[in-house]
Amino acid sequence: MSAVISILSDLIRIPSINPMGRSDCDPATCGEARMGRFLADWLAARSIRYQIQNVEPGRDNILAFLPATQNSASTILWEVHQDTVPVDNMTVLPFGGVVSQGRVYGRGACDVKGSMASMLAALEQLAQPEIFREKNLMVAFTVDEEHTFLGVQRLASEFDALLPPGWLRPECAIVAEPTHLDLVTCHKGVVRWVIRVKGRACHSSMPHEGANAVFAAAPVLAALESLASQIANGSSHPVLGTGTLSVGMVRGGSAPNIVPDTCEIIVDRRLVPGETAVMATVQVRSCLNGILVGRQGVTVSVDDPWLTCPPLPECVPDLVLESLLRNVQRHVPNAVTRPVSFGTDASSLAQIGIPSLVFGPGGIEQAHTKDEWVEIEQLNQAVSILFDCVAGIGHR
Ligand SMILES: [Zn+2]
């Protein structure tokens, strides 16, 4: 069994579920604390320099540093998240790490412990004393990608202070997500808000004594629908198309005989490069301004976003991208550069000026599924590709 497979099985056996705001997940399987400890111990056992960046109590980014063999080398950053989604309705052992017929199964196999195992296996090879390393390598193992991106946002906010003395800022960040080993150069961002409509409760037999928040939500929803079509017909990115707006949830009312005093509307807005969360928030607020004119006793307010992930614009310089693609294609001849539809940690790094792309074994269609798996062939290819992008081609 190759090293990457046994590392991946070990990682899957360490539950690191992100409860994503839910309170019904088994606490024994939640959080990244165990994963953070495993990673720190793993690095220490191999004498690889690392640093712990605390993000929240029990939630640490782990940062590893492996210097180039030569001085004044360029730096490359690998970033990978430690958390997984919950394990509801899984049909394979979520924490088994079972290897069968060319695949490894379990929660996180594909999203994104497969990538993490590939990075660890490549890092272990690169750290051998006889290996020539063309580039400095920093590896960031971050928390909370599956919910609110706290880990990468903390990493980005303190990035320059975390770089070892004399290291240049990364020429490129490779952010791990399942891409079937294609290089993903751009994606949309996302921002989500709660819109609160507040009225006054009373008995439903005398509705004129209250102010019905669910009725009042109707014109708010209509205004959002017309804003959605305005956005869908608005300015378009050449690869990603237009932004979108969708209402995903409406919550209001507690009983048929009570006039409801609150109604919450949860909005999901996808952003294309050029749009920001701040702009989108202003746009929603101004769309709703004055919407309840004439409705007594009702207010509507837009909370600050509870989730923000910026869009990823194409930002890796052509020369760097071409050399990375050549390296990938040596191992996977049909690999391409392409966009994806999901948000990743890459955009938060791009926002601080680090050219970033997304890459990893497995397909997004296997992520978060009831029988999550990753192909062993892609794991092995990923190890070789990651190794070469630090060692330099010709030094294997
Ligand atoms: Zn992921």
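Helix axes are taken here as lines fitted to C-alpha atoms over the stretch in contact, with angles running from 0 to 180 degrees between N-to-C directions. Helices themselves (H or I, at least four residues) and strands (E, at least two) are DSSP runs, numbered from the N terminus. The model is predicted, so local features need pLDDT of at least 70 and side-chain atom pairs count only at pLDDT 80 or more, while totals for chains, interfaces and linings use all residues. Residues are numbered from 1 along each chain as its sequence is written, and side-chain values use heavy atoms, with hydrogens and water left out.

Helix H6 (residues 213–232) and helix H7 (residues 277–288) have axes that come within 10 Å and cross at roughly 135°. That makes H6 oblique to H7, given that angles under 35 degrees count as roughly parallel, over 145 as roughly antiparallel, 65 to 115 as roughly perpendicular and the rest as oblique. The crossing of H6 and H7 is right-handed, a label used if the near helix is turned clockwise from the far one by less than a right angle, with anticlockwise giving left-handed. On the H6 side, Val 220, Ala 223, Leu 224, Leu 227 and Ile 231 meet Gln 283, Val 284, Cys 287 and Leu 288 of H7, where contact means heavy atoms within 4.5 Å.

A second pair brings together helix H1 (residues 3–12) and helix H10 (residues 376–391), whose axes come within 9 Å and cross at roughly 110°. H1 and H10 are therefore roughly perpendicular to each other, and their crossing is right-handed. H1 contributes Val 4, Ile 5 and Leu 8 to the contact, and H10 contributes Ile 376, Leu 379, Asn 380 and Val 383. Seven of the 10 residues of H1 are buried, so this helix is largely enclosed by the rest of the structure; buried means under 20% relative accessible area, exposed over 50%, and partly exposed in between (1.4 Å probe, protein chains only). Those buried residues are Val 4, Ile 5, Ile 7, Leu 8, Ser 9, Leu 11 and Ile 12. Their cover includes helices H2 (33–45), H3 and H10, together with strands E4 (99–100), E5 (103–105) and E18 (373–375).

Some backbone details complete the picture. Asp 111 is joined to Val 112 by a cis peptide bond, with omega about 0°, and Val 112 lies in helix H3. Phe 149, not a glycine, has a positive phi of about 60°; this residue sits in the loop between strand E6 (136–142) and helix H4 (150–157) and is buried, at 6% relative accessible area. His 368 likewise has a positive phi, near 65°, but is partly exposed at 40% relative accessibility. The loop that holds His 368 runs between strand E17 (356–359) and E18.
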